[in-house]
Amino acid sequence: EQLGYYGHPIYWGEGQLLGGGARPGISLAGYPNVGLPAGPREKKAFVDAMAKMHRDRGDDPHLRSCRAIERYYFHATDGDIGHLESLLVDDDAWVIRYLVVNTSDWWLGHRTLVAPPWITDISWLESTVSVDLTRQSIKDAPVYDSKALPSPAQERDLFDHYGRIDRANGVSLAPIA
């Protein structure tokens with residue numbers, strides 16, 4: 001009864017205690033009898049069904065905690081490059097200014113910044129963040145020092161490195177809201 005209140009399934013089987021029923025399987029908390037889908041078609045159907053369920057309940061399916069995406073794998077246009085370590089948030093404007101990418105998954109990696117407009121996809125199911133940058137450009141990006149926020153000059157250097165500045169006008173090609 002109590003587990004039903006919180007929406008958690010009884011993973012050891014209905015009416016059975018400690019393994020007397022079905023074996024515990026992969027389930028998602030709050031979604032009884034739901035396992036992880038196998039193929040891409042099933043994954044899309046699963047994501048669509050979860051989004052519909054959240055809409056029907058009045059939830060916003062796009063709203064996530066920032067901590068929920070920490071450690072997500074980071075994908076460049078030509079392959080994996082590291083993982084999302086943290087976010088730099090402007091608490092005055094309530095916007096995410098940068099994602100801190102840790103490339104230490106690669107030999108002699110470092111931390112660097114990527115702006116949110118450069119994200120092409122976030123997959124909640126596969127725990128990935130994809131960007132329209134190459135692995136080499138991220139590897140060669142300016143190192144982020146977590147002891148201080150980036151200065152305006154460092155931000156210009158970062159945007160210039162990624163080719164996101166219109167040199168003729170000196171404006172960012174991917175403005176941050």
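User: Why is tryptophan 124 called partly exposed?

Analyst: Its relative accessible area is 32%. Buried means under 20%, exposed means over 50%, and partly exposed lies in between, with a 1.4 Å probe and protein chains only. So tryptophan 124, at 32%, counts as partly exposed. Note that this is a predicted model: local features need pLDDT of at least 70, side-chain atom pairs count only at pLDDT 80 or more, and totals for chains, interfaces and linings use all residues. Residues are numbered from 1 along each chain as its sequence is written, and side-chain values use heavy atoms, with hydrogens and water left out.

User: What makes tyrosine 72 and tryptophan 124 an aromatic pair, and which geometry do they have?

Analyst: Rings of Phe, Tyr and Trp (its six-membered ring) pair if their centres lie within 6.5 Å. Planes under 30 degrees apart count as stacked, over 60 as edge-to-face, and the rest as tilted. Tyrosine 72 and tryptophan 124 are 6.2 Å centre to centre, with 65° between the planes. The pair is therefore edge-to-face. A search of the whole structure finds 3 aromatic pairs. Ring pairs also link Trp118, Phe159 and Tyr162 into a cluster.

User: What does the pair of tyrosine 72 and tryptophan 124 tie together?

Analyst: Tyrosine 72 lies in the loop between helix H3 (66–69) and strand S1 (73–76). Tryptophan 124 lies in the loop between strand S5 (119–123) and strand S6 (128–131). So the pair ties together parts that are 52 residues apart in sequence. Helices (H or I, at least four residues) and strands (E, at least two) are DSSP runs, numbered from the N terminus.

User: Is tyrosine 72 buried or exposed?

Analyst: Buried, because its relative accessible area is 9%.

User: How do you know that asparagine 102 is buried, and what does its side chain join?

Analyst: Asparagine 102 has 6% relative accessibility, so it counts as buried. Its place is in strand S3 (residues 95–102). A polar contact of 2.6 Å joins the side chains of asparagine 102 and glutamate 85. A polar contact is a pair of N or O atoms within 3.5 Å; within protein, one must be able to donate a hydrogen and the other to accept it, and residues adjacent in sequence count only if both atoms are side-chain atoms.

User: What else does asparagine 102 touch?

Analyst: Contact means heavy atoms within 4.5 Å. Leaving out residues up to four places away in sequence, asparagine 102 touches Ile81, Gly82, His83, Glu85, His110 and Arg111.

User: Why is arginine 164 called buried?

Analyst: Its relative accessibility is 13%, so arginine 164 counts as buried. Arginine 164 is found in the loop between helix H5 (152–161) and strand S7 (165–166). A polar contact of 3.0 Å joins its side chain to that of aspartate 132.

User: What makes leucine 84 buried, and where is it?

Analyst: Leucine 84 has a relative accessible area of 0%, so it is buried. Its place is in strand S2 (residues 79–90). Beyond residues up to four places away in sequence, leucine 84 touches partners including Tyr72, Phe74 and Leu99.

User: Why is tryptophan 94 called exposed, and what is its phi?

Analyst: At 76% relative accessibility, tryptophan 94 counts as exposed, so that label holds. Its phi is near 60°, a positive value in a residue other than glycine. Tryptophan 94 sits in the loop between S2 and S3.

User: How many residues does the protein have, and what percentage count as buried?

Analyst: The protein has 177 residues, of which 28% count as buried. Its secondary structure comes to 5 helices and 8 strands.
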